[in-house]
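Hi everyone, thanks for coming. Let's take a look at this one together.

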Amino acid sequence: MRSIALLLIAVLGLAACDSSGGSSGAKQYRISSGATSKIQYRVLDSINVLRQASGAGTVELNGQLNAAAATHSQDMALQNRPWHFGSDGSSPLDRVARVGYSGKLVGETISETYETEMETLAAWMEQEDTRSVILDPSAQDFGFAWFQERNGKIWWTMVMGERGPVYVAGR
């Protein structure tokens, strides 16, 4: 666990070198519309470093899980509460199925904050339940999205999945 904490500190230090702005000083962290892939890959790379340090395999960014995460982030903002159920009563399992993901849901991690994605990841790693989702060795796919309100509040959602079997016709 100590090595994971050291790696996380190093990753956060590198993220702090980013000139796109963050929550340091008086400047409010604002996510630009063109930053989606940059943020997703920054978090993906950080998670894979943490996973490798824990002995788990790497995960890959998955468009379907990104869609499930994006839908839930916006829905949490509409409900004005961070929780795992949608305004229509949907669960994380329902949302993953709706986007057509053929694998198995490993877990969903959510947050309501004004913090950057790296500060949010650090907070998730400090909590046993969210850390266990991030480091779950069965996870192979990763989805990550957010919704930022006009006031700057950000609703973060991360979804981890385990790929299902690939079926080939005629076999």
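Where is the place of His-84? His-84 lies in the loop between helix H3 and helix H4 (92-98); helices, at least four residues of H or I, and strands, at least two of E, are DSSP runs numbered from the N terminus.

Quick housekeeping: this is a predicted model, where local features need pLDDT of at least 70, side-chain atom pairs count only at pLDDT 80 or more, and totals for chains, interfaces and linings use all residues. Residues are numbered from 1 along each chain as its sequence is written, and side-chain values use heavy atoms, leaving out hydrogens and water.

Back to our histidine. His-84 is partly exposed, at 30% relative accessible area (buried is under 20%, exposed over 50%, partly exposed in between, with a 1.4 Å probe and protein chains only). Beyond its neighbours within four places in sequence, His-84 has contacts that include His-72, Ser-90 and Arg-95 (contact means heavy atoms within 4.5 Å).

Four strands form an open sheet in the order E1-E3-E4-E2, with mixed pairing; two strands pair if DSSP finds at least two bridges between them. E1 (60-61) and E2 (104-113) are at the edges with a single partner strand each, so one side of each has no neighbour in the sheet. E1 runs parallel to E3 (residues 141-148), joined by two bridges, and Glu-60 stands opposite Asp-141.

Finally, helix H5 (residues 117-126): seven of its 10 residues are buried, so H5 is largely enclosed by the rest of the structure. Among those buried are Trp-124 and Met-125. Thanks, all!
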